[in-house]
Each structure stands twice: as structure tokens, then as C-alpha cells.
Amino acid sequence: AFSSPPDNTVIVAIQFTEDSTITTLTPESAKFPDGTATSGSTLPKGLTIYGRWTALQLATGAAIAYYG
């Protein structure tokens, strides 16, 4: 699954509905840490992470991306 937010928005929260592995997590700005810390890690069902991202791609699992 791949999610890019609509124009003039970013992903502000990601809620994992299954144990999931992230392939891509692109920060909105270089001032924010990149997604490499989470790449390849299994994130548990029920976890919600907050930030400002322009792209999200999962290798496995499922998540809800909230735009803002």
C-alpha cells in the first residue's frame, strides 16, 4: 500500500491496524528525521505515530493515514 496525501496536506498521524513493516516514510522537511529508523522494523497493531510526512509505503500490514 502506498499513500500520498492530497494537495496542500501532509500525513500527520499513522495508526497501525495490523502488525506492519514500513518500506518508505518520507518526512515533510529535511529538518525532521527521516523514516530510516522505522524501515524494516515491525510496528505493532494499535500503535499510532505522529509527525509530518509526504509519503508512506508499507511492505506488510495495514494502517490508516490521517491527513492535515
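Is serine 20 buried or exposed? Serine 20 is buried, with a relative accessible area of 0%; buried means under 20% relative accessible area, exposed over 50%, and partly exposed in between, with a 1.4 Å probe and protein chains only. The structure is a predicted model, in which local features need pLDDT of at least 70 and side-chain atom pairs count only at pLDDT 80 or more, while totals for chains, interfaces and linings use all residues. Residues are numbered from 1 along each chain as its sequence is written, and side-chain values use heavy atoms, with hydrogens and water left out.

The chain has six strands and zero helices, and along the sequence the pattern reads β-β-β-β-β-β. Helices (H or I, at least four residues) and strands (E, at least two) are DSSP runs, numbered from the N terminus. Of the 68 residues in the chain, 29% are buried. The accessible surface of the chain is about 4000 Å², and carbon and sulfur atoms hold 54% of this area; such areas come from the Shrake-Rupley method with a 1.4 Å probe, and for residues only the protein chains shown count as cover. Among contacts (heavy atoms within 4.5 Å) with a separation of 6 or more, 81% link residues 24 or more positions apart.

Strand S5 covers residues 48–60 and pairs in the antiparallel sense with strand S2, residues 11–16, over four bridges. Two strands pair if DSSP finds at least two bridges between them. Within this pairing, alanine 13 has tyrosine 50 of S5 as its bridge partner. S5 also pairs in the antiparallel sense with strand S3, residues 20–27, here over six bridges.

Serine 20 belongs to S3. A polar atom of the serine 20 side chain lies 2.7 Å from the backbone oxygen of glutamate 18, and the backbone nitrogen of alanine 62 lies 3.1 Å from a polar atom of that side chain. Beyond its neighbours within four places in sequence, serine 20 is in contact with Ser41, Thr42, Leu43, Leu58, Thr60, Gly61 and Ala62.

Threonine 21 is also in S3 and stands opposite threonine 60 in S5. The side chains of threonine 21 and threonine 60 are joined by a polar contact of 3.1 Å. A polar contact is a pair of N or O atoms within 3.5 Å; within protein, one must be able to donate a hydrogen and the other to accept it, and residues adjacent in sequence count only if both atoms are side-chain atoms. Threonine 21 has a relative accessible area of 16% and is therefore buried. Leaving out neighbours within four places in sequence, its contacts are Gly40, Ser41, Thr42, Leu58, Ala59 and Thr60.

Arginine 52 lies in S5 and counts as partly exposed because its relative accessibility is 36%. The side chain of arginine 52 makes a polar contact of 2.6 Å with the side chain of glutamate 28. These two residues are 24 residues apart along the chain, and the C-alpha atoms of arginine 52 and glutamate 28 are separated by 5.5 Å.

Asparagine 8 sits between strand S1 (2–3) and S2. Most residues other than glycine have a negative phi. Asparagine 8, a residue other than glycine, has a positive phi near 65°. With 82% relative accessibility, asparagine 8 counts as exposed.
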